[in-house]
Amino acid sequence: MPDNDQMRSYPGARPPDRTGHVMSSGLRLALNEWGDEKAPLIAMVHGGFDFSRTFDVFAPMIADAGWRVAAWDARGHGDSDHAHLYSWPADVRDHLAAITSLSSEPIVLLGHSKGGGQLLDLLDARPGLARAFINLDGMPSQFSAPDINDRERRRMRRADVGAALDRRLRRNELTRRPDTIDGLAGRRAPMNPRLSREWLEYLVTVGARHDEAGWRWKIDPVLHLGGFGPWRPQWSMDHLAALDLPFLGMLSGVQDDPMGWKSRRGDIEPFLPPGGRLEFFDDIGHFLHIEQPRFIADLVLEFLGRLP
Amino acid sequence: MTRRTEFLANGLLRLALHTLAEGDGTTHPLLLVHGLGEQSPMARPEWTESWPGAVLALDLTGHGESDVPVGGGYMPETLMADVDAVLASRGPVTIVGRGLGAWIALLIAGARTSLVRGVVLADGSGLAGGGPHPPSPYVTVLDPGTGVTPDAYALVELSRDVRPPDYALDYLRFALEESELETPVIVAARIRPEWLVAISSDVSVVEASLADAVAAFVDPSLATR
């Protein structure tokens with residue numbers, strides 16, 4: 001049993017070969033890289049409430065196959081600056097700043113969950129950024145929205161709005177609650193019910209920082225799961241249909257996973273770009289690349305191997 | 001009077017709240033919220049003359065004398081929190097919102113029903129936002145700002161946010177369900193983007209000139225159930 005404050009290891013997990021940062025309109029975004037600097041570039045964008053070090057197992061698998069993998073922490077996440085304001089369009093803009101600072105040529109992009117959804121937006125606006133796109137369970141569709149009546153939807157929205165306003169009023173007092181490694185892993189477990197305890201504890205030691213009170217997640221305490229505003233999942237399908245590049249999408253079919261948009265194959269297929277490929281797994285949860293890194297990496301590498 | 005300015009903490013940023021008239025203390029303040037790219041007026045507008053209480057005016061984040069955030073990220077919902085900071089500091093208010101400020105006034109009327117004693121939705125810059133559907137995709141990175149207002153990111157982002165009519169109606173319903181006022185929303189705007197068409201079409205919403213709308217909230221008995 002490791003000491004409570006000792007960094008954890010995990011089979012296959014490898015810290016980045018290089019660390020640095022990119023700037024987006026005055027905000028410093030932490031950058032991690034694996035693999036040969038001169039190899040072809042694939043950029044990976046993490047999901048909401050995640051951070052780039054969650055690629056510590058998956059990214060080395062791609063890097064060891066001859067790729068340079070770059071991943072940055074979104075504003076307010078991981079080791080990136082906490083921002084005054086957060087929004088989906090601001091994240092999309094930060095991705096643009098990161099990508100254009102890494103390469104002036106089209107690269108391969110991979111996004112998980114919210115990161116995948118944001119790359120759909122970005123590539124509709126800036127199609128020249130990528131030569132291929134891989135989306136890991138980041139394809140919201142209108143058909144996957146929960147079946148609730150209008151009154152209940154309004155009640156939920158009102159509760160969300162009130163809670164968000166309360167949180168902003170208390171922003172200067174908010175801190176992430178300190179805990180042990182075991183405690184933080186336990187608190188993360190409901191988000192990732194299919195991941196091993198060993199992995200969750202590793203995640204704590206790269207995604208939290210240690211101070212005199214214990215371990216605290218690095219994520220800005222003003223951020224919360226969900227969000228509010230008039231966003232509609234169908235808007236992402238408009239962006240998907242607009243793509244014209246090699247595309248590989250993967251969907252988790254585990255309907256009781258607490259995370260993800262729960263889109264089904266039939267929701268997405270009508271909007272695939274020409275020649276686009278969609279894989280559906282009913283036995284892998286939303287965190288596909290973390291639950292089954294070798295399997296997902298092999299699929300990605302097979303797709304990358306076919307690129308012109 | 002010469003306007004008096006105080007600064008409210010809003011997270012890590014400061015908001016400029018101006019007092020344009022002290023009022024006689026017989027009623028709660030009237031709060032003016034400007035449009036996109038604008039800032040608070042230097043003196044109380046003529047159409048507020050009927051208001052016996054204090055007249056306040058808020059510079060939204062990235063506007064006027066309020067702070068400019070690093071790296072943008074504006075949403076009307078976060079500017080709603082600007083008004084919420086005023087409510088937390090000053091208590092109940094009646095709000096007149098111009099343009100973007102009208103949209104924010106509607107949102108906060110629904111979100112903080114007990115503290116918003118009616119809103120007037122008026123013409124002004126940024127009334128339509130990005131329309132009822134997402135506009136053509138556009139993503140750009142601007143150079144870090146110099147703190148000058150209006151913030152360029154505010155102008156870009158708040159002219160592109162989507163304002164679906166059914167989303168607006170949700171906030172109207174919030175306000176109607178819990179407000180003590182019979183008519184908590186009055187439309188003074190002559191320009192009617194789709195969200196405002198939906199709002200003004202609701203049987204619970206009335207239309208009036210700006211001056212009449214302000215006057216309607218002076219005597220709460222006129223608008224109270």
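The following legends describe close-up views of a predicted model.

**View 1. The contact between chain A and chain B.** In this predicted model, chain A contributes 35 residues to the contact and chain B contributes 33 residues. On the side of chain A that touches chain B, the elements giving two or more residues are α2 (88-102), α3 (114-125) and α4 (150-169) of chain A. The largest share of that side, 8 residues, is supplied by α4(A). Sorted by class, the side of chain A that touches chain B holds 17 nonpolar, 8 polar and 10 charged residues.

**View 2. The open sheet of chain A.** The sheet consists of 8 strands, and their order in chain A is β1-β2-β4-β3-β5-β6-β9-β10. The sheet is open, and its pairing is mixed. Which strands stand at the edges? These are β1 (18-24) and β10 (277-281) of chain A; each has a single partner strand, so one side of each is left without a neighbour in the sheet. On average, and with direction ignored, neighbouring strands of this sheet are turned by 20 degrees against each other.

**View 3. The pairing of β5 and β6 in chain A.** Strands of a sheet pair through backbone hydrogen bonds, in either a parallel or an antiparallel manner. For strand β5 (residues 107-112) and strand β6 (residues 130-136) of chain A, the sense is parallel, and the pairing extends over 6 bridges. In one of these bridges, I107(A) has A130(A) in β6(A) as its partner.

**View 4. Helices α2 and α3 on the strands of chain A.** Helix α2(A) packs on the sheet and touches β1, β2 (27-34), β3 (41-45), β4 (68-72) and β5 of chain A. The direction of α2(A) makes about 120 degrees with that of β1(A). Helix α3(A) lies across β3, β5 and β6 of chain A, and α3(A) runs at about 140 degrees to β5(A).

**View 5. The crossing of α3 and α7 in chain A.** The axes of α3(A) and helix α7 (residues 234-242) of chain A come within 8 Å, and they cross at roughly 55 degrees. Because of this angle, α3(A) is oblique to α7(A). What is the handedness of the crossing of α3(A) and α7(A)? The crossing is left-handed. From α3(A), the residues G117(A), L120(A), D121(A) and D124(A) take part in the contact, where they meet S236(A), H239(A), L240(A) and A242(A) of α7(A). The residues of this contact comprise 3 nonpolar, 3 polar and 2 charged.

Key:
Residues numbered from 1 in each chain as written. Chains lettered and ligands numbered in written order. Predicted model: local features only at pLDDT ≥ 70, side-chain atom pairs only at ≥ 80, totals over all residues. Contact = placed C-beta atoms within 7 Å. Helix = DSSP H or I, 4+ residues; strand = E, 2+ residues; numbered from the N terminus. Nonpolar A, V, L, I, M, F, W, Y, C, P; charged D, E, K, R; others polar. Pairing = 2+ DSSP bridges. Axes fitted to C-alpha atoms, helices over the stretch in contact; angles between N-to-C directions. Parallel < 35°, antiparallel > 145°, perpendicular 65-115°, else oblique. Left-handed = near helix turned anticlockwise from the far one by under 90°.
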